[in-house]
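Hello,

Here is the structure for you to look over. My notes follow below it.

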Amino acid sequence: MFETTTTRHNALIDPVLRVWSWEIPVYLFLGGLVAGMLVLAGWHLLQVARGKSDDVYPVQTPLAAFVLINLGMLALFLDLTHKLYVWRVFLTFQPTSPMSWGSWILLLVYAVIAVSALIRLDESWPWLGHRFPVIGRMSRSLLARPAWLRAIAGLNIGFGIALGVYTGVLLSTMVARPLWNSAILGLLFLASGVSAACAAVHLLGSQRLFRPAPGGMIDGALASLVQPLTREIPPRSGSIALVRYDQIFLAVEFALLALLLIGLLTATAAHIEAARMLLTGTWAWPFWGLVVGVGIVVPFTLQALELKHRIPHTVIPALLVLAGGFALRWILVNAGQASEFFSATARL
Amino acid sequence: MARYGMVIDTRQCVGCMDCVVACQTENDVPVGYARDWIVTEVRGTFPDLAMEIRSERCNHCDNPPCVSCCPTGASHVSPVGQVVLVDPAKCIGCKACIASCPYGARFVHPDGYVDKCTFCDHRTREGKDPACVSVCPTHCMSFGDLDDPASRVSELLRTRRHHTLLPEAGTRPRVFYLT
């Protein structure tokens, strides 16, 4: 027999660590989504700079990304227990702390989003364009200079990758949590983020709520966030390309998920036990059902059927991909907190 | 520079919890929380059973993951004794340090910042032992400079079998248990 008793009963620590509740999975999901949207926006800006593209709706993804990153930051702020001291993060840079890297990356992401959002902002939000003609002039100035567009595209892609990878590295450096001890987590969250971004941009591109763009302040702002910029319905080739991209990143996500589990299953006893939590243990049903099934296999299959014209295009695969992306963070954050090194192995 | 550590003789510890009460009193630890605690482990097959009683706390690791993950520098290694401390005025309550600690040694203080054992930093600066060590009725706990070959802790580690908690985590703990 092996029996352990402890007199410790600290809140949120015992019997199982649960210091991070809904706020961190929400933040990690929105952060990954925004990271993916930056990558997509950067990729599309490169096409615009080469004069190759007319379907402009991914160019306005920075506007939606701005709203989403604010929601994510709000969730992150709500998680803090010493909120009035949050400004301390920006008084220092701690090179060994992923959270410190992330704080500064997020600040720079805001700057990249702000510059990117200027492009065609006067067209997508006419009220603002009329009030501040300088925005239109800046937008036209950027669009007339392919070199500047390429530079902004590079910043979008670079900071998108940095943001996406950081959300995974944040967890993987916690040595005490065997489930998170893998460098693959950063790439997994990036792939999942880009996949979710393809789905989100596809969803936004399918909206026809405010056509043509309203001239008011509030309705104009809302319209600029949720519908394509073009006066006409966006070309179908754009949404089909997004579905194809989504399939590629879903496949990459699936492969990385498999590699993560293989890595854990071939490591120490604590890591094997952590992997089993997902494969056959407490979290098996949510993991197989929501992450693998609802989040990857079902939408991938539906998208393949759509592309072969066996079934009509719908928003269902995109919604499933977003749900799966959130479930991945939710399950990994919660199962990861419950995973720990065995106290027994310490004294064998 | 000194490198403080603690050596606890599990053959003398009776689990009386005097160390826990002394810590609560000395450091004004809020009710319901603990900076140190007692773990009792029983292993074997009846009647061949072995029991180990340990007074546990922050291990003030030589490779502290709580310090490397802190985004503000609130968790830091003190120049006095190289003990791991938290500066409440820098702590934002992100709880990354709690998640990264394999020992569950940290908790969120009701005032919002993260709290933990300090090896009674305020006492050791005056040359006193930590409160837990000073009250132990069986004298099972020793405190001192691990880098000083003449210190009591160094002598015990030289002459007695000992172990640390979760060495596989790679944190290099500085609380040692004699067996």
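**Notes on the model**

Gln247(A) sits in helix α10 of chain A, which covers residues 236-265. Keep in mind that this is a predicted model.

Leaving out residues up to four places away in sequence, Gln247(A) touches Phe300(A) and Gln303(A). Gly160(A) is 87 residues from Gln247(A) along the chain, and their C-alpha atoms are separated by 19 Å.

Next, the core. The largest nonpolar core holds 156 residues. Which of them touch the most other members? They are Val34(A), Met37(A), Leu38(A) and Ala197(A). Helix α1 of chain A, residues 23-49, supplies the largest share of this core, with 17 residues. As general background, nonpolar side chains in soluble globular proteins tend to be buried together.

Now the helix pair. The axes of α1(A) and α13(A), the latter spanning residues 316-338 of chain A, come within 9 Å. They cross at roughly 140°. Roughly antiparallel would require an angle over 145 degrees, so α1(A) counts as oblique to α13(A). The crossing is right-handed.

Which residues make this contact? From α1(A) come Ile24(A), Pro25(A), Leu28(A), Phe29(A) and Gly32(A). From α13(A) come Gly325(A), Phe326(A), Arg329(A), Trp330(A) and Val333(A). By class, the contact of α1(A) with α13(A) has seven nonpolar, two polar and one charged residues.

Last, the interface. How many residues does each chain bring to the contact between chain A and chain B? Chain A gives 40 residues and chain B gives 45 residues. On the side of chain A that touches chain B, the elements giving two or more residues are β1 (2-6) and α3 (98-117) of chain A. The largest share of that side, five residues, comes from β1(A). The residues on this side of chain A divide into 18 nonpolar, 17 polar and five charged.

Best wishes

Technical notes. Residues numbered from 1 in each chain as written. Chains lettered and ligands numbered in written order. Predicted model: local features only at pLDDT ≥ 70, side-chain atom pairs only at ≥ 80, totals over all residues. Core = buried A, V, L, I, M, F, W, Y, C linked by C-beta atoms within 7 Å. Buried ≥ 20, exposed ≤ 12 C-beta atoms within 10 Å, placed from the backbone. Helix = DSSP H or I, 4+ residues; strand = E, 2+ residues; numbered from the N terminus. Axes fitted to C-alpha atoms, helices over the stretch in contact; angles between N-to-C directions. Parallel < 35°, antiparallel > 145°, perpendicular 65-115°, else oblique. Left-handed = near helix turned anticlockwise from the far one by under 90°. Contact = placed C-beta atoms within 7 Å. Nonpolar A, V, L, I, M, F, W, Y, C, P; charged D, E, K, R; others polar.
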